[in-house]
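The entries follow the order in which I looked things up.

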Amino acid sequence: MSRFVFGPVPSRRLGQSLGVDLTPTKTCTLDCRYCQLAPTSHPTTERAMFCSPEEVLAELRQVLDEIAPPDWITISGTGEPTLHAGLGRILQGIRDLGVAPSCVITNSTLLDRPDVQADLALADRLLPTLCTVHQDTFERIHRPVPGVRLDRILAGLRDLASSYRGILDLEIFVCKGVNDTPQEIDGLRRYLATLARFDSLYLNTAIRPPRDADIRAATPDDLQAFRQALDPTWPVTTAFEHTALPRPVDRTPPPPRQGVLDLLLRHPCTPEQLERVLNLPADTLADTLQTLEREGRITRCPDGQWRLA
């Protein structure tokens, strides 16, 4: 069983993305209403050495020896990765391996901290989230830990855009009826114009069913209208313009039961995605899914994806 490394997972933007999870499950600065995983159980803004960077890198080397090189090694998972105090050491270790570039997916809440910015400078690509420039909307969507302030996030992202030298792709998670009003979009457009640089903008939405059923997904037409209202001078793509079906992974399959549970902990998947990522025969996977469903360990969503119950 892998403690830190999972996948490669099917990523709409990153292709074959080998994930690295650095925090205990649902250790986060936010409790986002659109999250498809469990509610935040360990809310915090304090960075800590949740696990040894050397152990993480040793497990990563072992997995990389078993698979073809992934497109990206992505620091993400079940919590906010910038909370790990050893993030910089891990990113430097990934760079030293020279197998694949590194990417960090972050909710942006700690970007105003100099130590976090120094760590993130070692990543080849960053995917920070920015959903609104209005504090009330921010709190409504993200339910932040006390002490997390949007003005600091906006200032930190502005600093990062000035200093970071890798690929910087911003994400806006569009919640229909919440942050897609003309006022919200105009605020985002004006703020984005103040950034020194970024490479692209990604409009995401609840492709996977969120835990909060009141959060509604934007349609493809909604995201196109959002894009047009931004009147962008930079590249903009949407969640509906990418495929989520990965190439088959050539590796010895893990024990079916544990493999399914480990992946669904971090990433809800369709049966086709599970089959390819875990390299399991279709009948073995089907039997495993039925057994885990009977036990109440997993549940199938209306869109056909499986996730932990």
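**Entry 1**

I call a crossing left-handed if the near helix is turned anticlockwise from the far one by less than a right angle, and right-handed if clockwise. The model is predicted, so local features need pLDDT of at least 70 and side-chain atom pairs count only at pLDDT 80 or more, while totals for chains, interfaces and linings use all residues. Residues are numbered from 1 along each chain as its sequence is written, and side-chain values use heavy atoms, with hydrogens and water left out.

Helices (H or I, at least four residues) and strands (E, at least two) are DSSP runs, numbered from the N terminus. I noted that H8 spans residues 256-266 and H10 residues 282-294, with axes that come within 10 Å and cross at roughly 70°. H8 is therefore roughly perpendicular to H10. Axes here are lines fitted to C-alpha atoms, for helices over the stretch in contact, and angles run from 0 to 180 degrees between N-to-C directions. Angles under 35 degrees count as roughly parallel, over 145 as roughly antiparallel, 65 to 115 as roughly perpendicular and the rest as oblique.

I then listed the contact, meaning heavy atoms within 4.5 Å. From H8, Pro 256, Arg 257, Val 260 and Leu 261 meet Thr 284, Leu 285, Thr 288, Leu 289, Thr 291 and Leu 292 of H10. By class, the contact of H8 with H10 has six nonpolar residues, three polar and one charged. In this count Ala, Val, Leu, Ile, Met, Phe, Trp, Tyr, Cys and Pro are nonpolar, Asp, Glu, Lys and Arg are charged, and the others, Gly among them, are polar.

**Entry 2: H1 and H2**

I looked up H1 (residues 53-66) and H2 (residues 87-97), whose axes come within 9 Å and cross at roughly 30°. H1 is therefore roughly parallel to H2. The crossing of this pair is right-handed. On the H1 side I found Pro 53, Glu 54, Val 56, Leu 57, Leu 60, Arg 61 and Leu 64, which meet Arg 89, Ile 90, Gly 93, Ile 94 and Leu 97 in H2. The contact of H1 with H2 divides into eight nonpolar, one polar and three charged residues.

**Entry 3: H6 and H7**

The axes of H6 (residues 182-192) and H7 come within 9 Å, crossing at roughly 50°. The two helices are therefore oblique to each other. H6 passes H7 with a right-handed crossing. Ile 185, Leu 188 and Arg 189 of H6 make the contact with Phe 226, Ala 229 and Leu 230 of H7. I counted five nonpolar residues, no polar and one charged in the contact of H6 with H7.

**Entry 4: Cores**

Which residues touch the most other members of the largest nonpolar core? Of its 69 residues, they are Leu 60, Ile 75, Leu 192 and Leu 201. Helix H5 (residues 150-163) gives the largest share of this core, six residues. Another core lies apart from it, of 15 residues, including Leu 263, Cys 269, Leu 278 and Trp 306. A nonpolar core is a set of buried Ala, Val, Leu, Ile, Met, Phe, Trp, Tyr and Cys residues joined through side-chain atoms within 4.5 Å. Buried means under 20% relative accessible area, exposed over 50%, and partly exposed in between (1.4 Å probe, protein chains only).

Not counting residues up to four places away in sequence, Leu 201 touches Leu 170, Glu 171, Ile 172, Leu 192, Leu 230, Trp 234, Pro 235, Val 236 and Thr 237.

**Entry 5: Single residues**

Ser 102 is in strand E6 (residues 102-106), and at 2% relative accessibility it is buried. Arg 33 is in the loop between E3 and strand E4 (42-43) and is buried at 14% relative accessibility.

The peptide bond from Gly 7 to Pro 8 is cis, with omega near 10°, and Pro 8 is in strand E1 (residues 5-11). Lys 26, not a glycine, has a positive phi of about 55°; this residue is buried, with a relative accessible area of 8%. Asp 231 also has a positive phi, near 50°. Is Asp 231 buried or exposed? At 60% relative accessibility, Asp 231 is exposed, in the loop between helix H7 (220-230) and strand E10 (236-238).
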